[in-house]
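Keep the sequence and the 3D view open while you read.

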Amino acid sequence: MIIKPRVRGFICTNAHPTGCAANVQEQIDYIRGSAIPAGRGPENVLIIGASTGYGLATRITAAFGYGANTLGVFYEKPGSEKRTGTAGFYNAAAFEEKAKAEGLYAKSFNGDAFSDEMKDRVVETIKAEMGKIDLVVYSLASPKRTDPKTGVLHSSVLKTIGKSYTAKNLNTDTLQVGEVTIDPATDEEIEATVKVMGGEDWAMWLQALAAADLLAEGAQTTAYTYLGDKITWPIYGHATIGRAKEDLDRTASELNKQLAPIQGEARVAVLKALVTQASSAIPVMPLYMSILFKLMKAQGTHEGCIEQTQRLFTEGLYSETPRVDDANRLRMDEKELDPQLQAEVESVWSQVTTENVEEMTDIAGYNADFLKLFGFGVSTVDYDADVSPLVLVDFE
Ligand code: NAD
């Protein structure tokens with residue numbers, strides 16, 4: 001099959017297996033070429049949400065940067081003779097192949113991380129094959145969650161809290177800069193978003209591991225968040241998704257109490273805004289990121305997922321002097337939140353229009369990053385070559 005991108009709004013409905021494998025290799029090459037200090041590092045790592053974006057980069061950093069054994073959980077669709085699988089499926093298949101070729105232990109579970117059944121299966125495998133876990137990374141981004149205790153399906157919403165908010169917005173298909181109005185959420189919608197994207201499931205994973213005595217002395221756990229600044233606060237930080245992320249802070253302090261007897265540590269990690277399948281669906285973010293990337297590239301401070309996770313490990317999780325804020329969160333967003341840079345973003349934000357968007361922002365880079373998520377636009381890949389969408393792999 002000849003596979004070309006099929007983009008509908010902020011979704012690409014297909015993916016290219018060779019392109020996805022090339023993206024994984026590019027991240028592995030980055031990690032191999034980066035400076036990883038000798039000494040403390042992870043050995044047995046569980047990554048929940050390990051197939052795309054930040055979770056995939058985390059898995060690559062742990063495995064190829066530190067030689068760690070990794071167990072990844074994700075929810076992806078395989079390809080068939082007629083249809084391509086999801087990018088995350090191809091990414092995870094490529095990761096496993098490359099890790100095994102290096103003699104690294106890598107096991108992947110494809111299914112619903114929110115379910116009790118998945119936790120049980122993972123626990124059994126860790127017990128049988130890995131021993132104790134010393135790092136648990138929670139990198140899920142999902143619009144829905146079925147609570148395993150009640151069977152209720154909760155759906156998250158991207159809405160404001162209190163009053164509606166109208167902001168500039170970029171249609172990434174037509175390159176029109178228009179406006180979007182986001183309505184306030186009801187109390188039920190806020191609660192549902194916290195149920196889906198808050199800390200409850202993170203805590204349930206830690207409880208499942210602790211109950212089976214699978215957490216090593218000094219084990220660490222982290223869940224990822226975004227904070228942002230003035231432009232994104234009304235739709236992110238101070239909105240429903242931000243409310244869910246605040247719940248991660250509460251969960252981290254609870255987990256710290258539970259981990260105290262084994263000298264373990266739970267921290268939320270604040271990461272930079274980047275193009276991923278999750279973030280491209282959030283209104284305002286594409287325009288904000290297009291402006292931010294142009295300015296950060298000009299400054300030489302722009303980073304992708306793999307650069308962020310490399311710094312998270314070396315300057316955060318395995319540093320003797322981690323950069324933490326007053327809420328005990330690890331901060332990797334310090335370059336994005338530099339006040340002078342944010343002032344420049346605000347200045348461009350106020351001037352950007354459909355007429356000047358290509359010149360004032362890095363919309364070209366944004367769109368290239370978006371297509372790359374699905375394995376398209378990779379310079380080393382021949383997109384006219386026949387490729388099978390069926391990638392055979394042995395996920396659990
Ligand atoms: P992503 O969409 O690239 O990855 C989501 C992952 O979750 C995938 O591996 C997917 O398979 C998995 N997943 C979704 N539902 C699942 C389910 N029910 N069971 C098992 N796996 C499931 O998203 P991302 O942007 O890398 O986000 C990961 C985390 O990083 C999120 O907490 C997000 O808020 C945070 N973060 C993202 C950004 C950003 O700009 N992208 C910035 C800071 C923090």
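## The sheet

Strand 6 (residues 133–138) and strand 11 pair in the parallel sense over five bridges. Here Val-136 stands opposite Thr-221 in strand 11. Two strands count as paired if DSSP finds at least two bridges between them. Helices (H or I, at least four residues) and strands (E, at least two) are DSSP runs, numbered from the N terminus.

This is a predicted model: local features need pLDDT of at least 70, side-chain atom pairs count only at pLDDT 80 or more, and totals for chains, interfaces and linings use all residues. Residues are numbered from 1 along each chain as its sequence is written, and side-chain values use heavy atoms, with hydrogens and water left out.

## Strand 12 and its partners

Strand 11 (residues 215–225) pairs with strand 12 in the parallel sense, over six bridges. Thr-222 stands opposite Arg-267 in strand 12. On its other pairing, strand 12 joins strand 13 (residues 330–331) in the parallel sense over two bridges. There, Ala-269 stands opposite Leu-330 in strand 13.

How many of the six residues of strand 12 are buried? Five are, so strand 12 (residues 265–270) is largely enclosed by the rest of the structure. Buried means under 20% relative accessible area, exposed over 50%, and partly exposed in between (1.4 Å probe, protein chains only).

Strand 11, helix 7 (residues 240–259) and strand 12 form a right-handed β-α-β unit. Right-handed here means that, with the strands pointing away from the viewer, the path from the first strand over the helix to the second runs clockwise.

## Helices on the sheet

Contact means heavy atoms within 4.5 Å. Axes are lines fitted to C-alpha atoms, for helices over the stretch in contact, and angles run from 0 to 180 degrees between N-to-C directions.

## Helix 2 and its neighbours

Helix 2 and helix 3 pack at about 0°, with axes 12 Å apart. They are therefore roughly parallel to each other. The contact includes Phe-64 of helix 2 and Phe-95 of helix 3. Angles under 35 degrees count as roughly parallel, over 145 as roughly antiparallel, 65 to 115 as roughly perpendicular and the rest as oblique.

The axes of helix 1 (residues 17–33) and helix 2 (residues 53–66) come within 9 Å and cross at roughly 50°. The two are therefore oblique. Their crossing is right-handed; a crossing is right-handed if the near helix is turned clockwise from the far one by less than a right angle, left-handed if anticlockwise.

Helix 2 and helix 9 (residues 305–317) pack at about 55°, with axes 8 Å apart. That makes helix 2 oblique to helix 9. This crossing too is right-handed.

## Two positive phi values

Asp-213 has a positive phi of about 55° although it is not a glycine. It is found in the loop between helix 6 (200–211) and strand 11. Asp-213 is partly exposed, at 48% relative accessible area. Leu-175 has a phi near 60°, and lies in the loop between strand 9 (165–171) and strand 10 (176–182).
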